[in-house]
Number of protein chains: 2
Amino acid sequence: MAKKLVEAITSMEEDFAQWYTDVVKKAELMDYSSVKGCMIFKPDGYALWENIQSELDKRFKETGVRNVYMPMFIPESLLQLEKDHVEGFAPEVAWVTKGGLNDLQEKLCVRPTSETLFCDYYKNAVESYRDLPQVLNQWCSVVRWEKETRPFLRSREFLWQEGHTAHATAQEAEERTQQMLNVYADFCEDYLAMPVIRGKKTEKEKFAGAEATYTIEALMHDGKALQSGTSHNFGDGFAKAFGIQYTDKENKLQYVHQTSWGMTTRLIGAVIMVHGDDSGLVLPPKLAPTQVMIIPVMQKKEGVLEKAAWLKDVLSNYRVKVDDSDKSPGWKFSECEMRGIPVRVEIGPKDIEAGCAVIVRRDTREKIQVSLDEINEKVGQVLENMQREMLERAREHRDAHTSVADTYEEFKEAVANKPGFIKAMWCEDEACEIKIKEETTATARCMPFAQEQLSKQCVCCSRPAKKMVYWGKAY
Amino acid sequence: MAKKLVEAITSMEEDFAQWYTDVVKKAELMDYSSVKGCMIFKPDGYALWENIQSELDKRFKETGVRNVYMPMFIPESLLQLEKDHVEGFAPEVAWVTKGGLNDLQEKLCVRPTSETLFCDYYKNAVESYRDLPQVLNQWCSVVRWEKETRPFLRSREFLWQEGHTAHATAQEAEERTQQMLNVYADFCEDYLAMPVIRGKKTEKEKFAGAEATYTIEALMHDGKALQSGTSHNFGDGFAKAFGIQYTDKENKLQYVHQTSWGMTTRLIGAVIMVHGDDSGLVLPPKLAPTQVMIIPVMQKKEGVLEKAAWLKDVLSNYRVKVDDSDKSPGWKFSECEMRGIPVRVEIGPKDIEAGCAVIVRRDTREKIQVSLDEINEKVGQVLENMQREMLERAREHRDAHTSVADTYEEFKEAVANKPGFIKAMWCEDEACEIKIKEETTATARCMPFAQEQLSKQCVCCSRPAKKMVYWGKAY
């Protein structure tokens with residue numbers, strides 16, 4: 001009944017895309033702007049990004065990362081220095097051609113990513129082995145002129161971090177590339193309760209200009225994959241294109257080896273699509289800006305609001321609020337659900353008389369009556385259990401939606417009827433990868449670090465297989 | 001002797017502008033980029049902004065501010081909706097005219113400020129009095145196509161925060177405008193140890209589209225003023241231009257009243273120019289990313305590095321580092337000075353034998369020998385004293401560089417020979433303000449809240465005076 005008070009959202013089963021759009025709008029995470037393809041991060045949406053940013057930033061700094069800020073513009077000539085890179089990005093950038101009242105002599109693109117700017121900087125900043133490694137990162141927005149956009153998942157401007165490092169040796173660069181992928185994966189699992197597959201992109205899917213791209217891939221509730229973070233090893237390709245050299249201990253000139261790695265606001269979309277349900281958002285407790293909402297019942301009765309305020313103090317080691325607005329309790333319950341607040345605490349005159357309150361957990365909707373003496377401890381337990389079980393449930397869902405295909409028939413059958421990841425062997429020939437994509441729309445998500453030998457033949461051409469690949473339809 | 005090891009910087013007395021440039025480069029705060037007029041915030045420079053941002057953000061949130069993120073682009077038609085505003089900004093914006101491979105139908109400017117985007121948002125987000133107030137802020141970069149640029153003080157792209165609020169009444173908007181100015185002023189004084197004059201801008205100097213602009217003005221070491229933060233009351237001007245209305249409790253349509261307020265990375269320039277000296281940067285302890293640097297002396301002797309590491313643990317409630325690089329102690333001392341680290345601790349074999357270390361305070365260069373038993377407490381005292389005395393000293397400097405002019409002759413004499421603020425009476429006629437600016441290059445910095453009646457006549461035209469004004473040459 002209370003649910004009806006809040007405007008209904010489309011059910012996931014009926015139309016997952018519409019469910020997603022309803023949730024982002026009704027949980028007030030974002031709004032459309034008058035700039036086509038660009039979105040507005042509303043307070044509740046931006047608060048998620050603030051938490052992601054602060055937690056990731058802490059984890060980066062623990063590995064020695066320092067933050068910087070580069071200009072948002074890239075001169076056309078600079079973008080063109082690395083051949084593969086410019087081919088990958090030039091078709092989708094926004095160009096500034098006028099400054100003030102004058103036409104610019106050289107047009108500037110709004111950064112789609114900042115490899116070229118960091119390279120231009122390293123060229124001057126790095127002289128000797130003493131200047132290495134350079135382990136820098138920036139938090140900023142980038143622009144890619146996408147044709148089709150979806151809130152958080154794909155927009156013309158999005159927020160992200162981009163790490164850029166330069167090292168003396170190829171080995172050190174490779175270690176940093178993998179280290180940051182592991183930081184990303186651990187963050188997704190520990191903090192977002194979102195399990196990921198760690199692996200390497202195929203040659204076809206790797207980043208423009210990279211020698212190798214590593215990725216973490218998550219599975220959404222509808223069985224589609226979402227690339228959730230990538231880490232690239234550039235080898236010395238950019239260094240050669242930009243002339244980034246250092247003198248080593250033997251006083252010889254050497255090229256540096258570089259990496260870059262990024263995570264974006266699409267993680268917010270991932271959280272929605274991994275954990276959400278038909279009542280709205282479900283936020284993992286560690287991420288939730290508000291972890292506990294206290295809802296007074298019959299709040300006009302003497303002592304109820306006072307007790308709610310007292311309870312807020314008791315629970316002050318969590319991120320806690322009281323909803324004492326003049327809406328009905330039922331409406332407030334639904335709003336809490338829509339917004340994904342992990343725990344709501346209901347407290348009314350009868351509870352107060354009995355020295356209790358009712359705790360309701362968002363994901364399972366489990367209700368427990370708790371003595372006020374124990375409520376601080378109980379809420380802590382519920383939040384902890386919820387965080388852990390959300391990860392377990394997402395992992396179970398992913399595993400239940402991962403199938404194995406030995407033959408191309410099985411593969412096509414799986415793409416058509418079993419939404420989720422498909423594990424299958426591959427010969428490493430790009431022709432097979434392209435054929436699979438054209439005929440089934442599934443793409444190679446990654447060659448997981450944890451390889452399995454499912455069979456000896458490529459699922460597509462039956463020639464000897466070299467790699468086990470996770471395939472899937474992707475956002 | 002040690003000083004010579006670090007490349008010399010120009011002395012302030014000799015050439016203040018060159019001193020400033022030397023310090024920002026040699027303290028490694030910034031670097032020039034290949035994009036004309038745009039700068040690179042290097043790790044030590046960006047760390048200052050991170051601290052400013054985190055402290056200001058905390059203070060904002062204590063007053064109920066929530067963060068959001070708006071697009072970086074503004075369609076030309078949106079920028080044009082408020083007449084004064086577009087006139088103020090259109091001549092200095094960068095225009096995006098191409099997206100991907102196509103020309104845009106409507107050109108987009110890169111935001112020089114986001115009033116228009118927030119108004120466009122409020123137009124839809126505000127319906128009833130229940131939706132008010134809206135108290136939003138964003139941290140982002142903005143672009144203004146300046147002709148002459150200087151690191152931190154004026155660049156084509158800079159970082160800032162911009163708060164934008166909407167209120168039911170004119171009074172509430174006025175209160176918020178002043179509240180935020182006070183947040184800014186308190187922040188400058190408490191955290192940056194930088195005294196400011198709080199006041200109102202003249203009609204001529206107010207923000208494009210504002211009814212009133214409040215400002216805080218600081219005095220740099222060379223006697224020039226720096227506008228350090230502004231807070232604008234828009235009245236209902238933007239609301240009328242954009243159609244932002246709400247239904248009040250009597251169900252009548254009303255226009256909202258709006259404010260905006262901003263602080264930028266020029267604060268870093270202010271800190272350098274208020275506190276720096278001929279040895280480089282001097283950072284107020286609260287702002288300093290590294291508050292204490294431990295420098296081992298004769299670090300190859302047994303036990304010295306171990307004792308330095310032990311000392312780092314002892315001092316772990318401060319932001320502390322050990323410089324155990326293979327440079328000489330003298331070099332390290334000079335680097336510490338250049339970078340403005342508030343306290344350095346020297347510890348060598350003799351100190352260890354005596355159970356002591358030497359504390360050197362950056363601003364006064366006072367050296368004290370301290371027993372290791374007491375060092376934690378002593379360092380805390382030194383940091384506290386330094387923070388307080390830096391503010392006092394800056395205030396004394398400002399007061400000593402503030403003169404009073406009763407006549408226009410005195411005024412011109414002061415502008416020519418007494419670098420600093422000039423307090424003088426004004427008739428409130430813009431003609432006098434323009435004349436003063438043209439003839440002396442001094443501008444009206446603000447009409448301070450703390451008004452004094454210095455005389456009864458305008459310093460310029462001798463007609464009856466209405467306001468006491470702080471005048472000065474400004475950055």
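Which side chains meet in a salt bridge at 2.7 Å, N to O? They are those of Asp44(B) and Arg66(A). Keep in mind that this is a predicted model.

**Where the two chains meet**
- Chain A gives 49 residues to the contact, and chain B gives 49 residues too.
- Between them, the two chains bury about 4,300 Å², and 62% of that area lies on carbon and sulfur atoms.
- Four salt bridges link chain A and chain B, with Asp44(B) and Arg66(A) forming one of them.
- There are also 23 residue pairs in polar contact between the chains, counting pairs with both residues at pLDDT 80 or more.
- On the side of chain A that touches chain B, you will find 29 nonpolar, seven polar and 13 charged residues.

**Glu337(A) in helix H11**
- Helix H11 of chain A covers residues 329–339, and Glu337(A) sits in it.
- Glu337(A) counts as buried because its relative accessibility is 12%, and the cut-off for buried is under 20%.
- Beyond its neighbours within four places in sequence, Glu337(A) is in contact with Ser279(A), Gly280(A), Leu281(A), Arg344(A), Arg362(A) and Arg365(A).

**Helix H13 of chain A**
- Helix H13 runs over residues 375–400, which makes 26 residues.
- At 1.5 Å a residue, helix H13 should span 38 Å, and its end C-alpha atoms are 36 Å apart, so the two values agree.
- Among the buried residues of H13(A) are Val379(A), Val382(A), Leu383(A), Met386(A), Met390(A) and His397(A).
- In an α-helix there are 3.6 residues a turn, so residues three or four places apart point the same way.

Methods:
Residues are numbered from 1 along each chain as its sequence is written. Chains are lettered from A and ligands numbered from 1 in the order in which they are written. This is a predicted model: local features need pLDDT of at least 70, side-chain atom pairs count only at pLDDT 80 or more; totals for chains, interfaces and linings use all residues. Side-chain values use heavy atoms; hydrogens and water are left out. Helices (H or I, at least four residues) and strands (E, at least two) are DSSP runs, numbered from the N terminus. Buried means under 20% relative accessible area, exposed over 50%, partly exposed in between (1.4 Å probe, protein chains only). Contact means heavy atoms within 4.5 Å. The expected span of a helix is 1.5 Å times one less than its number of residues. Buried area is the accessible area (1.4 Å probe) that two parts lose on being put together, summed over both. A polar contact is a pair of N or O atoms within 3.5 Å; within protein, one must be able to donate a hydrogen and the other to accept it, and residues adjacent in sequence count only if both atoms are side-chain atoms. Ala, Val, Leu, Ile, Met, Phe, Trp, Tyr, Cys and Pro count as nonpolar, Asp, Glu, Lys and Arg as charged, and the others, Gly among them, as polar.
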